[in-house]
Amino acid sequence: AVVSTQSGHYGRGVTKTIIILSLLFFICNTALLSVIILHLLKVVDIITDSTALQMSFSTIPLINAAFSPVILICRSSGMKEHVRAKLVSTKGQILALIGRLRLNRRTRNLPPTTATLPPTTATLPSTTATLPSTTATLPS
């Protein structure tokens, strides 16, 4: 069967991706297996604490799980474009949300609109009234 150059190039890319993923899986599982063997045989007291052993049981598989999708995204141009488009739309949504939060915070923190009038001192003219004195005589 004759294979076109484009599908041959695609096939080589897939082969490289599978090899990289297989190497990652092999390295992570070899490290995990060596930690288990060293702990069980007590050949070397690298791991004396059970916490360190538990950390290796959780960390090494997580490294494999974290890097596998990264490798797939980096190796596939279609995946790169899809992830890039999602990140751009997500970034736009996040920026719009931040803008709305800032606007809400500004309107909530506005000081109350109370009118403060300047103090007024009014001086009234002093008026003194003098009443006429009246003397009345009563009949006796």
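Visitor: In which helix is Ile19 found?
Guide: The model is a predicted one: a pLDDT of at least 70 is needed for local features and 80 or more for side-chain atom pairs, while totals for chains, interfaces and linings use all residues. Numbering starts from 1 along each chain as its sequence is written, and side-chain values rest on heavy atoms, leaving out hydrogens and water. Helices (H or I, at least four residues) and strands (E, at least two) are DSSP runs, numbered from the N terminus. On this basis, the element that holds Ile19 is helix H1 (residues 5–41).

Visitor: In what order do the elements of the chain run from the N terminus on?
Guide: The secondary structure comprises three helices and zero strands. Read from the N terminus, the order of the elements is α-α-α.

Visitor: Is Ile19 buried, partly exposed or exposed?
Guide: A residue is buried under 20% relative accessible area, exposed over 50%, and partly exposed in between (1.4 Å probe, protein chains only). The relative accessibility of Ile19 is 48%, so this residue is classed as partly exposed.

Visitor: What is the accessible area of the nonpolar patch that Ile19 forms with Leu23, Phe26 and Ile27?
Guide: A patch takes residues with over 30% relative accessible area and no salt bridge, joining like charges within 9 Å and nonpolar side chains (Val, Leu, Ile, Met, Phe, Trp, Tyr) within 5 Å. Accessible areas are computed by the Shrake-Rupley method with a 1.4 Å probe, and for residues only the protein chains shown count as cover. Together, Ile19, Leu23, Phe26 and Ile27 have an accessible area of about 420 Å².

Visitor: Which residues does Asn64 touch beyond four places in sequence?
Guide: Asn64 has its place in helix H2 (residues 50–75). With 13% relative accessibility, Asn64 is counted as buried. Its contacts beyond four places in sequence are Leu24, Phe25 and Cys28.

Visitor: What distance separates the C-alpha atoms of Ser68 and Leu21?
Guide: Ser68 belongs to helix H2 and is buried, at 18% relative accessible area. Beyond four places in sequence, Ser68 is in contact with Leu21 and Leu24. Along the chain, Ser68 and Leu21 are 47 residues apart, yet the separation of their C-alpha atoms is 6.4 Å.

Visitor: How many disulfides does the structure hold?
Guide: A disulfide is a covalent bond between the sulfur atoms of two cysteines. The rule applied here asks for a pair of cysteine sulfur atoms within 2.5 Å. The number of disulfides in the structure is zero.

Visitor: What is the separation of the closest N and O atoms in the salt bridge between Arg84 and Glu81?
Guide: A salt bridge places a side-chain nitrogen of Lys or Arg within 4 Å of a carboxyl oxygen of Asp or Glu, and the count by this rule is one. Arg84 and Glu81 are three residues apart in helix H3 (residues 77–108), so about one helical turn separates them. Arg84 is partly exposed at 47% relative accessible area, and Glu81 is partly exposed at 48%. Between Arg84 and Glu81, the closest N and O atoms are apart by 3.0 Å.

Definitions and conventions:
Contact means heavy atoms within 4.5 Å.
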